[in-house]
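Here's a walk through this model, one region at a time. Have the coordinates open as you read.

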Amino acid sequence: MSEFRYCKLYEEWVLYAPQRLKRPTDLDNKKDEQPGELIHDNCPFDLGKEEFTPNEITRIEQDNKWKCRVVPNMFNALSVDINLESFRDKYFEKKTGMGAHEIVIETPNHDKQIFDYDYNDFINYFSIIQQRVSNLQLDSRLAFISVFKNQGKEAGASIKHSHSQIMALPFLPKKIKDLIKHKKAYYKKTSRALLDDLVYEELQYKKNIVLSNSDFVVYCPYASRNPFEVKIVSLKKLSSLSEFTQSELSSLSDITKEFFYMFYKALGDVSFNMIINNAPYFEYDEKTKEYFRFNIEIIPRIYKYAGFELSTHMTMNVIYPNKACSVYKEKN
Ligand SMILES: [Zn+2]
């Protein structure tokens, strides 16, 4: 079973999930094999293979066929079915692995990748995540929701069929706790959200802006940590997908679709992580919208983290954001 262990040296929790070792992979292929070929015939995410996934949590249907499903992760690192308990044995401290771990199966089509999605695919994707973000928020034991997509082997994906993951934790991870503290302090001083001000500066500077519409802006942040890293930020006072109207979901789908078209043209089929940053559940109220701004991070995994990154907790970026931005725009 999984558990959180507290590291006194770094003052942070580590999640242990030994059952994850057993999960299958179809991306651990040798050079010449086509990824996905190995288990294509028995991929549990395909249309008609629903019985091979754990009991479905929710789905979006069109013409009596599912377009998007959410199921519990079969190799879950966390479970909502256990009680949150803490243990301390002198020096050692741990908690049970209570939390949510779900899979969003983004499409019934085994070969369709995010670069191929049409507007409807994106609407279905963001709508089903919105449902889960809102629903898990009702569980008062959960403090934080992590929504992410690992695309490609270099980004940590183990199977090819397009999917995302949702993990909800019973506490704020240290990095998030520090970030929230920083954002709250900035708001206290200026009465504005930090990310709103950063976006304002980027819009004045212009050189890092990839795309924008009336509700969102897509840009390569001035001090981005990774090559070709992009942020999609809400221009409205929205802190979580749970607050989005239908028209805001539609606007987000439009700009995300447009960005992935540019991404594929500029970089091709490179591995990336996409992180959908919603306000934490912990202390969430009307005021959250004032200091926390909804955003999505897209981080291509072109260079591996190595010794420098591990020793300094600092990243080395090999391309300036304005250059990365112009590559996105030039190729389109
Ligand atoms: Zn499949």
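## Around asparagine 332

Asparagine 332 sits in the segment after helix H7 (321-330); helices here are DSSP runs of H or I with at least four residues, strands are runs of E with at least two, and both are numbered from the N terminus. Keep in mind that this is a predicted model, where local features need pLDDT of at least 70, side-chain atom pairs count only at pLDDT 80 or more, and totals for chains, interfaces and linings use all residues. Residues are numbered from 1 along each chain as its sequence is written, and side-chain values use heavy atoms, with hydrogens and water left out.

With a relative accessible area of 38%, asparagine 332 is partly exposed; buried means under 20%, exposed means over 50%, and partly exposed is in between (1.4 Å probe, protein chains only). Setting aside neighbours within four places in sequence, asparagine 332 touches Tyr261, Met262 and Lys265, where a contact means heavy atoms within 4.5 Å. Tyrosine 125 is 207 residues from asparagine 332 in sequence, and their C-alpha atoms are 25 Å apart.

## The zinc site

Which residues hold the zinc ion? They are Cys43 (through SG), Asp46 (OD), His110 (ND1) and His161 (ND1), at 1.9 to 2.3 Å. Donors are N, O and S atoms within 2.8 Å of the metal (3.2 Å for Na, K and Ca), and since water is not among the atoms, sites may look incomplete. Along the chain, the donors of the zinc ion follow the spacing C-x2-D-x63-H-x50-H.

The arrangement is tetrahedral because the four donor atoms subtend angles of 93 to 117° around the zinc ion; four donors get that label if all angles lie between 85 and 135 degrees. As for accessibility, cysteine 43 is buried at 3% relative accessible area, and aspartate 46 counts as buried too, at 9%.

## The four-strand sheet

Four strands make an open sheet in the order S2-S1-S6-S5, with antiparallel pairing. Two strands pair if DSSP finds at least two bridges between them. At the edges are strand S2 (12-16) and strand S5 (86-89), each pairing on one side only. From one strand to the next, the twist averages 25°; axes are lines fitted to C-alpha atoms, for helices over the stretch in contact, and angles run from 0 to 180 degrees between N-to-C directions.

Going pair by pair, strand S1 (residues 3-7) and S2 share five antiparallel bridges, and phenylalanine 4 stands opposite leucine 15 in S2. S1 also pairs antiparallel with strand S6 (residues 92-96) over three bridges, with threonine 96 in S6 as the bridge partner of glutamate 3. S5 and S6 pair over four antiparallel bridges, and serine 86 has lysine 95 in S6 as its bridge partner.

## The 10-strand sheet

The other open sheet has 10 strands in the order S3-S4-S7-S9-S8-S13-S14-S12-S11-S10, again antiparallel. Strand S3 (58-62) and strand S10 (209-212) are at its edges with a single partner strand each, so one side of each has no neighbour in the sheet. The twist averages 15° from one strand to the next. S10 pairs antiparallel with strand S11 (residues 216-219) over three bridges, and isoleucine 209 stands opposite tyrosine 219 in S11.

Now for asparagine 295: is it buried or exposed? Asparagine 295 is in strand S14 (residues 295-300) and counts as buried, at 3% relative accessibility. A polar atom of its side chain lies 3.1 Å from the backbone oxygen of arginine 293. Leaving out neighbours within four places in sequence, the contacts of asparagine 295 include Leu195, Lys231, Ile232 and Val233.

## Residues with positive phi

Most residues other than glycine have a negative phi. Lysine 90 takes a positive phi near 50° in the hairpin of S5 and S6, which has two residues between the strands.

Glutamate 11 has a phi near 55° and lies in the loop between S1 and S2, where it is exposed at 51% relative accessible area. Asparagine 64 has a phi near 60°. Asparagine 64 is in the loop between S3 and S4 and is exposed, with a relative accessible area of 72%.

Conventions. Tetrahedral: all angles 85-135°; square planar, octahedral: opposite > 155°, others 65-115°. Polar contact = N/O pair within 3.5 Å; in protein donor to acceptor, adjacent residues only side chain to side chain.
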